[in-house]
Amino acid sequence: MRALGLFLVFALVWLLLSGLMKPLVLGLGVVSCLLCVWLASRMHRVEEDAGPALRPLHLLAYLPWLLKEVVLANLQVMRVVLSPRMALDPVLFRLRATQRSQLCKVIYGNSITLTPGTLTLDVDGETMLVHALERAGAEALRSGEMDRRASALEASA
Amino acid sequence: MIFYPVLFALIATMALALARALLGPSLYDRVLAVNMFGTKTVLFLAVTAFMLGRPDFLDLALAYAAINFIGVLAVLQFFQSREIRQRYERQGR
Amino acid sequence: MASVIDMISFALLAAGGFCVFVGGVGVLRLPDLYTRMHAASITDTAGPLLVLAGLALQAGWSLALFKLAVILVFLAVTAPTAAYALGNAALVSGYRPAVVSDESGATDSEGEGHA
């Protein structure tokens, strides 16, 4: 069932990306989609329930919030770069990640990195090593709001 | 047109990234610069697609984004394994 | 030709170009690898976001719009992954930040060798 769903998703992406309806192209599309499903099953991503156990509504709320954070952080870092004498105060610190699933940990770590001014350098079980360009960015992460929001993505089951 | 300022900014940034790639000083600075150059290339291709009115350039941009990502990971993997090998050899002596 | 859409699109593209350029300046100006990576992440987030949004207005409702969205999502997923790989590789090989107040607590096993 999962394989079929995966195949349909791949086929949709193929159609949207190619936009051509010639038989040859469609044939190639079917072959490559099947190949990708096979590759995915080889990686044990089809049978195993490693799939997204994310709560869609929370994800819908998370993305705009992340976008806002990214924009604000961008302005902050641009201000630092453009200031004549760069008064830098970088901090290297450890941060607890409370997410249970791998997927949410990845989302959290990537969100930290995606926000300019903070950078995940290492993940070790439940702690992450983070480099922040400014103390303010470090404090914002320590307040744990992003951590809470990333944890809220997990289905509570 | 409307595409000239952004094209100019992208080319200028590519030059800055190249300067960083040449200046180094560490290998990782160079990889960072190359990665950045690649991202700028993707944007450059996307803008060119619309400037020349040829949407197929977007496919090139997409393919380039994929190659750039895989390439950077491959280079890092290579450096890392070389680093580990060197450390091992140093200890072996 | 100079419709409202074109004006907004121009503004987005120019703003994106500016962000990208500032990121480039940062990569050249900042003192060490880890701080430079913060500057590079401007060009990986704000740059593509604004430039591709500007192009999306030019595309209208077409397949090109979908492709732009795919490029944006792809960049948004790969950029932090590549940044993590780069930062982690540098850390493991013992590359220490030049200016930093280290609050990471007890020294850990990584980075015992010096660069």
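Me: What is the area buried between chain B and chain C, and how much of it do carbon and sulfur atoms give?

Reply: Keep in mind that this is a predicted model. Buried area is what two parts lose in accessible area on being put together, summed over both. Between chain B and chain C it is about 3700 Å². Carbon and sulfur atoms give 80% of that.

Me: Which residues of chain B lose the most area to chain C?

Reply: They are B:I2, B:Y28 and B:L32. Together they account for 16% of what the chain B side buries.

Me: How many residues are in contact across the interface of chain B and chain C?

Reply: Chain B brings 40 residues, and chain C brings 44.

Me: How many residue pairs are in polar contact there, and which helices of chain B supply the side that touches chain C?

Reply: The rule finds 7 residue pairs in polar contact between chain B and chain C. On the chain B side, α1 (4–23), α2 (27–51) and α3 (56–92) each supply at least two residues. α2(B) gives the most, with 13 residues. By class, that side has 28 nonpolar, 6 polar and 6 charged residues.

Me: Now salt bridges. How many cross the interface of chain B and chain C?

Reply: Look for a side-chain nitrogen of Lys or Arg within 4 Å of a carboxyl oxygen of Asp or Glu. Across this interface the rule finds 2.

Me: Where does the pair of C:R36 and B:D29 sit?

Reply: First the distance: the closest N and O atoms of C:R36 and B:D29 are 2.2 Å apart. The pair crosses between chains, from helix α2 (residues 33–59) of chain C to helix α2 of chain B.

Me: Is C:R36 buried or exposed? And B:D29, buried or exposed?

Reply: The cut-off for buried is under 20% relative accessible area. C:R36 has 5% relative accessibility, so it counts as buried. B:D29 is buried too, with a relative accessible area of 0%.

Me: Why does the pair of B:D59 and C:K67 join two chains?

Reply: B:D59 lies in helix α3 of chain B, while C:K67 lies in helix α3 (residues 63–92) of chain C, so the pair joins two chains. Their side chains meet in a salt bridge at 3.2 Å, N to O. B:D59 is partly exposed, at 34% relative accessibility. C:K67 counts as buried, at 9%.

Me: What is the count of salt bridges over all chains?

Reply: By this rule it comes to 6. One of them is formed by A:R96 and A:E126, with the closest N and O atoms 3.3 Å apart. This pair links distant parts of the chain. A:R96 is in strand β1 of chain A, and A:E126 is in the loop between β2 and β3, 30 residues apart. A:E126 counts as partly exposed, at 41% relative accessibility.

Me: How many salt bridges does the rule find across the interface of chain A and chain C?

Reply: The rule finds 0. For polar contacts, the count between chain A and chain C is 9 residue pairs. The elements that give two or more residues to the chain A side include α1 (2–18), α3 (56–82) and β1 (91–96). α3(A) gives the most, with 7 residues. The residues of that side divide into 24 nonpolar, 9 polar and 6 charged.

Me: What area is buried between chain A and chain C?

Reply: About 3400 Å², of which carbon and sulfur atoms give 68%. In contact terms, 39 residues of chain A meet 39 residues of chain C.

Me: Let's turn to the folds. How many helices and strands are in chain B?

Reply: Chain B has 3 helices and 0 strands. From the N terminus on, its elements run α-α-α. Chain A has 6 helices and 3 strands. Its pattern along the sequence is α-α-α-β-α-β-β-α-α.

Me: What radius of gyration does chain B have, against a compact globule of 93 residues?

Reply: Chain B has 17 Å, but such a globule would be near 12 Å. Its C-alpha atoms fill a box of roughly 65 × 25 × 10 Å along the principal axes. Of its 93 residues, 46% count as buried.

Me: And what are the values for chain A?

Reply: Chain A has 20 Å, whereas a compact globule of 157 residues would be near 15 Å. Its C-alpha trace spans about 60 × 40 × 25 Å along the principal axes. Of its 157 residues, 37% count as buried.

Methods:
Residues numbered from 1 in each chain as written. Chains lettered and ligands numbered in written order. Predicted model: local features only at pLDDT ≥ 70, side-chain atom pairs only at ≥ 80, totals over all residues. Heavy atoms only, no water. Contact = heavy atoms within 4.5 Å. Buried area = accessible area lost by both parts, 1.4 Å probe. Polar contact = N/O pair within 3.5 Å; in protein donor to acceptor, adjacent residues only side chain to side chain. Helix = DSSP H or I, 4+ residues; strand = E, 2+ residues; numbered from the N terminus. Nonpolar A, V, L, I, M, F, W, Y, C, P; charged D, E, K, R; others polar. Rg over C-alpha atoms; globule rule 2.2 N^0.38 Å. Buried < 20%, exposed > 50% of the residue type's maximum accessible area, 1.4 Å probe, protein only.
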